[in-house]
Protein chains: 4
Amino acid sequence: MTRIRLGMVGGGNDAFIGGVHRIAARIDDRFELVAGALSSTPEKAQASGQALRLERIYDDFKQMAIREARLKNGIEAVSIVTPNHVHYAAAREFLKRGIHVICDKPLTSTLADAKKLVKAAEASDALFVLTHNYTGYPMVRQAREMIASGQIGNIRVVQVEYPQDWLTQDETFKQAEWRTDPARSGAGGSTGDIGTHAHNLACFVTGLRVESLAADLDAFVPGRQVDDNGHVMLRFEGGAKGMLWCSQVAPGNENALRVRVYGDKGGLEWAQEDPNYLWYTPFGEPKRLITRNGSGAGDAAGRVSRIPPGHPEGYLEGFANIYTEAANAIEARRAGTESDSAVMYPTIQDGLRGVQFIDACVRSSQRNAAWVTL
Amino acid sequence: MTRIRLGMVGGGNDAFIGGVHRIAARIDDRFELVAGALSSTPEKAQASGQALRLERIYDDFKQMAIREARLKNGIEAVSIVTPNHVHYAAAREFLKRGIHVICDKPLTSTLADAKKLVKAAEASDALFVLTHNYTGYPMVRQAREMIASGQIGNIRVVQVEYPQDWLTQDETFKQAEWRTDPARSGAGGSTGDIGTHAHNLACFVTGLRVESLAADLDAFVPGRQVDDNGHVMLRFEGGAKGMLWCSQVAPGNENALRVRVYGDKGGLEWAQEDPNYLWYTPFGEPKRLITRNGSGAGDAAGRVSRIPPGHPEGYLEGFANIYTEAANAIEARRAGTESDSAVMYPTIQDGLRGVQFIDACVRSSQRNAAWVTL
Amino acid sequence: MTRIRLGMVGGGNDAFIGGVHRIAARIDDRFELVAGALSSTPEKAQASGQALRLERIYDDFKQMAIREARLKNGIEAVSIVTPNHVHYAAAREFLKRGIHVICDKPLTSTLADAKKLVKAAEASDALFVLTHNYTGYPMVRQAREMIASGQIGNIRVVQVEYPQDWLTQDETFKQAEWRTDPARSGAGGSTGDIGTHAHNLACFVTGLRVESLAADLDAFVPGRQVDDNGHVMLRFEGGAKGMLWCSQVAPGNENALRVRVYGDKGGLEWAQEDPNYLWYTPFGEPKRLITRNGSGAGDAAGRVSRIPPGHPEGYLEGFANIYTEAANAIEARRAGTESDSAVMYPTIQDGLRGVQFIDACVRSSQRNAAWVTL
Amino acid sequence: MTRIRLGMVGGGNDAFIGGVHRIAARIDDRFELVAGALSSTPEKAQASGQALRLERIYDDFKQMAIREARLKNGIEAVSIVTPNHVHYAAAREFLKRGIHVICDKPLTSTLADAKKLVKAAEASDALFVLTHNYTGYPMVRQAREMIASGQIGNIRVVQVEYPQDWLTQDETFKQAEWRTDPARSGAGGSTGDIGTHAHNLACFVTGLRVESLAADLDAFVPGRQVDDNGHVMLRFEGGAKGMLWCSQVAPGNENALRVRVYGDKGGLEWAQEDPNYLWYTPFGEPKRLITRNGSGAGDAAGRVSRIPPGHPEGYLEGFANIYTEAANAIEARRAGTESDSAVMYPTIQDGLRGVQFIDACVRSSQRNAAWVTL
């Protein structure tokens, strides 16, 4: 089985997330990065592509899509790792030519773009994989499996949060700059950048959808054009209630994504910064620490773990699991079969839900945190 | 200096909080419990009083107030540890006779009672101390002192929560029974029993008042008449925002009261179950662990600590600090002086704010979590 | 039932452990402190006694023992809280007059004294209780109960440690001064002050005796006359092996006493600074967190707990449990009965073992850490 | 710059550590695995090589060394990931032909082999890199840097431990089987497999060598031929003292490698299972949590970190750092230059010290834990 030929849009020399995608694609050796349009600046696109030893370097993604689609051994899949506002236009070009898309989140910078992209994906034979990477962590899969199998009973309460502190003050470096510019990031600031992760994680783990929410968003740093703190109350289908907090101005928090789910039979708690642990309390019994690949971990976690318990896997391995699931699905397509039922990755529908979440937060906050439906 | 002669209303044999108050009053040896109306059932009042070796045992609190006020060496202070609906009537009797009152929280079971009790206290020369006991923890005092001195800058975000799991299922034992009966506990369930603690803690630590809130309350256990889970968004005076979560149906949580405060210069985090630790992050520097009586702890914590760092003090010592502060104030009254400016205890105004908080939560929730002012 | 009349030797105004004993004696209201020889300096003895409102104040312990023994309502028990070198002489006077002794650890400053005191105790009708207070923590009792019932199987490995940092530099304040003076503390420094606690805890929890040890002791601070760091390998009866580390020069450690026990069926871990938690791993299953008074805690812990899980009890409550066990035993003596079989406190034999431990450490270290028997 | 052409000896389909080496070599994309002698069973060697898409598959390592050395584009480096007893013979073949060797630890199964291999390496122009992988963790580098710069002062005490539980019972699966067979693993069991890691980590972090040790080793599981628990007291050059504990029979421990170092100015603590954290206490100040790539982390950690703080890197990234350091050194050789002075990897001398450590433990234990020099 040959490696999947992969291209990349965005991810030039000084980008952050592009490098993460490349490592993620490499860890399990299922992809080979051969082509790229790594920057909208031609010189940077060339230099970045050469540094990565790419076989084919392009100046823009449309040209790349056209050319690669014509090549006998052109790319089979493309990773889109640009700022948010470019996702739609770039993804569309590859989808329409049958090239599988692996796209960073949030799906798009506007709800209108998201809806158009859903249509483009539906019209295409290609797969669409969204890198809501936290769903790749083994213990997140474990939590989902335990909830699905009824181990905590009917879900009542979901507490999810994603605080950071890197935007506590006004910042002007590259990562901060585009993420606080609504033209490039979309209308949501912290809600778009990390709130969507929290929303996605809560839904993934519980298997529930948010029906409505009430959001109180703030831009605490003077002059900031998008929210840097979001307080959101959630109502899930079926009656569960939740709270979501995202913040970029909470000193002492790095990437403190955390989810807690409580049902009538038990509770589960997971924190991204210590991802190899899942706390499980069957009601009326002592709390238990389930570890990745350790006693008590089940199949869903096991199939995305690489090494023994006590040797921590981290963010890159969780991210790699999304790529490896994509590889599983792509190879099944190659073979003309269905992928194994255990294969699981965030879809364009998840992406649409994420953009709806951002949109609902912004709408609610503009109406004094009134309840709005997603 | 003789010990302060103390009486008690409520707290008979099978009560929980009465025993806590008695230990708290004993730890620093400033009080002597000499009289009590420990139960509304005469036989139980007698048996409980004898078991405690009380000098004077009463069948009802009004008789006790009348008699003790007339005695030359009658009680100087009374602890009221009954279910909530009795607080008002009992406290009034002692206040009107100049006997200092130490009353459990919440202040009363209704807002109307709370307002009347405030008037009664204002009309009395006696002191009124409310046992919002978590304000007695040394590291809570430390947090308040650090915030007041500007160490975390202007406050932006306050996250406070108090989850428990003991009412995850329908329960009929004594403690559960009256706490889920609105006639005795008041209109708030989890909001009244523990949400008030969370509200009080957030306000105490930050020095800020909640101006308005939006609350989504639920009674998840079938048949329960009061809320067992509360999700609340908070707006503080001056622009800070907060979230408050209280729950009695979150398996794996015992008394997981926790407060986190973030300003433009730093952050603080404290958890009641590990009360000797305070996490402090000056923005841009590593997180620091400040320990009770350890390096980095200041005067406000030091004056309410008893033993060296690393030897944990707990809930009873924190509770005792409220009693000891009450003793400081009462002894100053005896002496006709002002108590030291460092002396600090929850007042009847704090109690009124707490009942307003419960009332606002209930009103908001009835209006689909609309914003209401306190 | 009247309170037990208690006297105290040592524990004047600027002492540390005397105050701890007094709070411990008060918490459960079983004792009444009525007499004391609180200092060998008469003025200080008077002032300290008056501050504590003692009924009878003495200048020296021998006079106190003689007088109290003659009084109709003289003390029934005495707490000895002096520096170590006074324990023997003081305890002897009370034992010989039938007054129960509650003595701080280590038992004596020399092995010769310890042996003489054992004989004095055997010759007396009075009880002897040693305040190896860590055995009073509920979760330590829980660990002992679980091991005794076979839940971790045959014990193979015991890791115990007690690091502190307060003597990292040369110190001259009172607590440091006598504890680093071999004439008053005995030949062991860290081994005597805290190593004995670690040794006692390991033996209490496992129910095993140390048969032999090899100790490498150091005085790292220039000029220090007693060890401030001890590394000890242990061999227990029955074949279990252990390591013990005590240190007063380990920056970042306050009172980090910790014990871990591993058998062929499971493991247990407990840390004094977070005393309400006991970690239990049945081999091949997830680790479990047993909490004081929470699910999974048994009778041995329950009978020495006061408040619900999640409301931490601390050092003073654990210390109080020793006093309350002493009260249980003393009241049984009063009644002419045996105390309940669950009553448990450190005895003079435990004290002798502790002094033998110190002596063995010093002997071993002098012989280049050769193995010596206790 | 082309990728370094890499071969592998051992690491067939059902091996554990071979897969780890391959991921580690891939993460930073500096190597390309092109050839292998993955098993001593020809069929398995073929099948494993094909599964990995190797260009050249060999049945035995000697043949591979000979052939690759003659190829124009033969391998530049080889990873040796066999059981311990094969390391010497395999490494020798490649060293003598100038092919760089990256070898798993311990260096060899006997001290005699280790000494011969040192000579072989000295006689070769090729580099020798030993995968004591824990030295690749960024926060381990951070600790080393802080100690070297004097931040904790003169080192007094080093506590290091590596407990596991996977051999608590008798096990017969592949990993357990060869690791408990002295013919393949060497005379040390837990001491060889994990004790060497602990020893290496302590020395790496402190920059000190162990001069002598006293070891009490046990084989607790009936019939086991090598130690499964080791208790070791250490004496370092310069007067620091230490304890080392390794165990494979400690239920509840997965890979709980942990090192604590205390000097006269401060202390450091690091645990492998939570590797992104380093605890630092300057004496007399609050404990600080230094995080990978976070505030307070320095250059030594920064140059081996990939992603922002709060996104955990794990075991594979730490392991990859050893490979990337090897690549740095190999590329410098290609270029005929010295590698950057910051480049750092475990050498054959570290490997010799590790085998001397095992040998000393076994010798000491056979002599009733007498002190022996390394």
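A: Two residues are taken to be in contact if their C-beta atoms, placed from the backbone, lie within 7 Å. In chain A of this predicted model, residues 24 or more positions apart account for 69% of the contacts with a separation of 6 or more.

Chain A contains 12 helices and 15 strands. The radius of gyration of chain A is 20 Å, close to the 21 Å that the globule rule gives for 374 residues, so chain A is as compact as a globular protein of that length. Along the principal axes, the C-alpha atoms of chain A fill a box of roughly 60 × 50 × 35 Å. Of the 374 residues in chain A, 64% are buried.

The division into domains comes next. Chain A is split into domain 1 (4-126) and domain 2 (137-306 + 352-373). Taken over C-alpha atoms, the centres of domain 1 and domain 2 of chain A are separated by 27 Å. Where these domains of chain A meet, 14 residues of domain 1 are in contact with 15 residues of domain 2. On the side of domain 1 of chain A that touches domain 2 of chain A, the elements that give two or more residues are α4 (84-95) and α5 (111-122) of chain A. The largest share of that side, 3 residues, comes from α5(A). By class, the side of domain 1 of chain A that touches domain 2 of chain A has 7 nonpolar, 5 polar and 2 charged residues.

Helix packing can be followed in chain B. Two packed helices are described by the angle between their axes and the distance between the axes. Helix α4 (residues 84-95) of chain B packs with helix α5 (residues 111-122) of chain B at an angle of about 10 degrees, and their axes are 10 Å apart. Angles under 35 degrees count as roughly parallel, which makes α4(B) roughly parallel to α5(B). From α4(B), the contact is made by Tyr88(B), Ala91(B), Arg92(B) and Leu95(B), and from α5(B) by Asp113(B), Lys116(B), Leu117(B), Ala120(B) and Ala121(B). The residues of the contact of α4(B) with α5(B) divide into 6 nonpolar, no polar and 3 charged.

A second pair in chain B is α6 (residues 138-148) and α9 (residues 190-206), whose axes come within 7 Å and cross at roughly 45 degrees. α6(B) and α9(B) are therefore oblique to each other. Val140(B), Ala143(B), Arg144(B) and Ile147(B) in α6(B) meet Leu201(B), Phe204(B), Val205(B) and Thr206(B) in α9(B). By class, the contact of α6(B) with α9(B) divides into 6 nonpolar residues, 1 polar and 1 charged.

In chain D, helix α6 (residues 138-148) is mostly covered, with 9 of its 11 residues buried. The buried residues of α6(D) are Pro138(D), Met139(D), Val140(D), Arg141(D), Gln142(D), Ala143(D), Arg144(D), Met146(D) and Ile147(D). They pack against α9 (190-206), β11 (258-263), β12, β13, β14 (287-291) and α10 (299-302) of chain D. Just after α6(D), Gly150(D) takes a positive phi of about 90 degrees.

Gln356(C) lies in helix α12 (residues 348-366) of chain C. Gln356(C) has 18 other C-beta atoms within 10 Å and is partly exposed. Leaving out residues up to four places away in sequence, Gln356(C) touches Leu111(C) and Leu374(C). The C-alpha atoms of Gln356(C) and Ala114(C) are separated by 8.8 Å, although these residues are 242 residues apart along the chain.

Finally, the contacts between chains. Between chain B and chain A, 32 residues from chain B and 32 residues from chain A take part. On the side of chain B that touches chain A, at least two residues each come from β7 (155-163), β8 (210-218), β9 (229-236), β10 (241-247), β12 (266-271) and β13 (277-282) of chain B. β10(B) gives the largest share of that side, 4 residues. The side of chain B that touches chain A divides into 14 nonpolar, 10 polar and 8 charged residues.

For chains D and C, 32 residues of chain D are in contact with 32 residues of chain C. Elements giving two or more residues to the side of chain D that touches chain C are β7 (155-163), β8 (210-218), β9 (229-236), β10 (241-247), β12 (266-271) and β13 (277-282) of chain D.

Methods:
Residues numbered from 1 in each chain as written. Chains lettered and ligands numbered in written order. Predicted model: local features only at pLDDT ≥ 70, side-chain atom pairs only at ≥ 80, totals over all residues. Nonpolar A, V, L, I, M, F, W, Y, C, P; charged D, E, K, R; others polar. Rg over C-alpha atoms; globule rule 2.2 N^0.38 Å. Buried ≥ 20, exposed ≤ 12 C-beta atoms within 10 Å, placed from the backbone. Domains from an automatic or database assignment. Axes fitted to C-alpha atoms, helices over the stretch in contact; angles between N-to-C directions. Parallel < 35°, antiparallel > 145°, perpendicular 65-115°, else oblique.
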